[in-house]
Every structure is written in C-alpha cells, then in structure tokens.
Amino acid sequence: MFGTLVVLALVYCVVLLSLIFSVIERKQNIVASRDLSSQLSTIEASYANTVASISDTTLAEHQYTRVDNATFAVRKDPIASYAVLYAR
C-alpha cells in the first residue's frame, strides 16, 4: 500500500512538472512569435518603401524599357482551372 502511494506520488510529480515546463515553453514560444512578427512587419515596411520608390526614371537608369500593348504568356499549373486563372 505504501509503495503504491509512493509510485502514484512520483507519477503525480512527473505530470505536474511536465505541465509546468510545457506552460513555460509555450510562453517562451509566444514571446518568440511576437518578436518574429515584429521583425517581419519591419521587413515588410522596408520592402513596401523600396517598391514605392521605384519610378520610371529608376527603371530607365537600369536600362528597363516599357512595353505597351503586349500580351504575356501565363504559366498554368496542371491543377489550376479556368475559374482560378480568369474568374474574378
């Protein structure tokens, strides 16, 4: 009887410690996720500023030319349907 109580007490301690450590790990993961989200927002803002700064003069400096009235080929995946590609 005493041995069973000792074993049950040990199992209880293991389960309790496991729960405590999983809660701590979850909180650490939430903090890390917030940090990564903040970094991603900063990178997205930087990218948006870079894209917004592109103008016709910038493109001309890098020897890009504007093509008017051109049709472009569209790569179609085998799983894509007409509705996915062309429906609005």
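Of the 88 residues of the protein chain, 1% count as buried (under 20% relative accessible area, with a 1.4 Å probe and protein chains only). The model is predicted: local features need pLDDT of at least 70, side-chain atom pairs count only at pLDDT 80 or more, and totals for chains, interfaces and linings use all residues. Residues are numbered from 1 along each chain as its sequence is written, and side-chain values use heavy atoms, with hydrogens and water left out.

**Fold and surface**
- The protein chain holds three helices and zero strands, where helices (H or I, at least four residues) and strands (E, at least two) are DSSP runs numbered from the N terminus.
- Along the sequence the pattern is α-α-α.

**Nonpolar patch**
- Tyr12, Leu16, Leu17, Ile20, Phe21 and Ile24 make a nonpolar surface patch of about 600 Å².
- Leu16 lies in helix H1 (residues 2-52) and is partly exposed, with a relative accessible area of 38%; partly exposed means between the buried limit of 20% and the exposed limit of 50%.

**Gln63**
- Gln63 sits in the loop between helix H2 (56-61) and helix H3 (82-86).
- Phi of Gln63 is near 65°, a positive value in a residue other than glycine.
- Gln63 is exposed, with a relative accessible area of 73%.

Note on methods: Patches are made of residues with over 30% relative accessible area and no salt bridge: like charges are joined within 9 Å, nonpolar side chains (Val, Leu, Ile, Met, Phe, Trp, Tyr) within 5 Å. Accessible areas come from the Shrake-Rupley method with a 1.4 Å probe; for residues, only the protein chains shown count as cover. A salt bridge is a side-chain nitrogen of Lys or Arg within 4 Å of a carboxyl oxygen of Asp or Glu.
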